[in-house]
Amino acid sequence: MQYKILIVEDETDISRLLKKILTAAGYLVQQAFSGTEAKLLLERETPDLILLDLMLPGLSGEALLLEIRSTFQSNIPVLILSARSSLEDKVTLLKTGADDYITKPFEPEEVTARIQAALRRTGQAPAAPKVLSHKNLQLFPDSRKAVVNDMELSLTAHEYEILLLFLQTPEKVYSRELLYELIWQGGYYGENNTVNVHVSNLRKKLKEADPEEDYIQTVYGIGFKLC
């Protein structure tokens with residue numbers, strides 16, 4: 001099954017880039033270039049998720065979000081995509097009914113990861129692969145089991161989610177901020193230690209099971225990635 005995503009963005013270049021990213025990730029994409037156009041599309045059919053800019057001609061993004069949550073009474077995941085980055089803006093939109101808030105400029109991997117997380121929270125995420133492998137590590141998403149050298153690791157929920165994220169996007173470097181927002185699914189307020197402690201514990205468990213290999217690399221000044 002392909003999931004349909006509605007992009008509501010008036011800047012043609014950004015809308016085109018998002019369509020390219022999401023199409024490559026296997027999603028069906030619709031585009032609207034104003035809040036009014038998006039409202040007309042929503043009256044005809046319901047997408048699985050909406051990427052919504054705020055500064056739109058006609059009906060603003062804030063007004064459209066209120067329409068989605070009241071007039072349409074819809075539980076469609078709505079991800080705000082905006083250059084406005086203040087904490088007040090984020091809190092206000094999340095309280096109004098947004099499911100997540102992505103700040104421009106964005107990384108393609110961040111957009112797809114947040115979409116996957118939103119679909120997963122609503123029970124719509126595509127089925128995960130049966131097994132993800134790297135070096136001597138195997139991850140079984142169906143059973144949430146991690147095995148190294150035929151030994152099952154005892155991981156916390158957050159440690160498992162970090163490892164799953166790394167194996168799903170092995171070339172991606174994740175900042176502490178992005179890891180916190182994706183795994184803990186909340187705003188990041190400088191909780192460097194929270195992320196560091198979980199990554200450190202995960203490394204220790206992997207090293208105990210496989211002393212000859214390194215699995216998580218620190219990219220100094222940025223964050224972490226799979227070795």
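Predicted model: local features only at pLDDT ≥ 70, side-chain atom pairs only at ≥ 80, totals over all residues.
Helix 2, residues 35-44, and helix 3, residues 61-69, have axes that come within 10 Å and cross at roughly 15 degrees. Angles under 35 degrees count as roughly parallel, so helix 2 is roughly parallel to helix 3. The crossing of helix 2 past helix 3 is right-handed. On the helix 2 side, the contact is made by Gly 35, Ala 38, Lys 39 and Leu 42; on the helix 3 side, by Leu 64, Glu 67 and Ile 68. By type, the residues of this contact are 4 nonpolar, 1 polar and 2 charged. As for the spacing along a helix, an α-helix has 3.6 residues a turn, so residues three or four places apart point the same way.

What does Phe 166 touch, leaving out residues up to four places away in sequence? Tyr 174, Leu 179, Ile 216, Phe 224, Lys 225 and Leu 226.

Last, helix 7, residues 176-183. Of its 8 residues, 6 are buried, so helix 7 is largely enclosed by the rest of the structure. The buried ones are Leu 178, Leu 179, Tyr 180, Glu 181, Leu 182 and Ile 183. Leu 179, then, is both buried in helix 7 and in the contact list of Phe 166.

Note on methods: Residues numbered from 1 in each chain as written. Heavy atoms only, no water. Axes fitted to C-alpha atoms, helices over the stretch in contact; angles between N-to-C directions. Helix = DSSP H or I, 4+ residues; strand = E, 2+ residues; numbered from the N terminus. Parallel < 35°, antiparallel > 145°, perpendicular 65-115°, else oblique. Left-handed = near helix turned anticlockwise from the far one by under 90°. Contact = heavy atoms within 4.5 Å. Nonpolar A, V, L, I, M, F, W, Y, C, P; charged D, E, K, R; others polar. Buried < 20%, exposed > 50% of the residue type's maximum accessible area, 1.4 Å probe, protein only.
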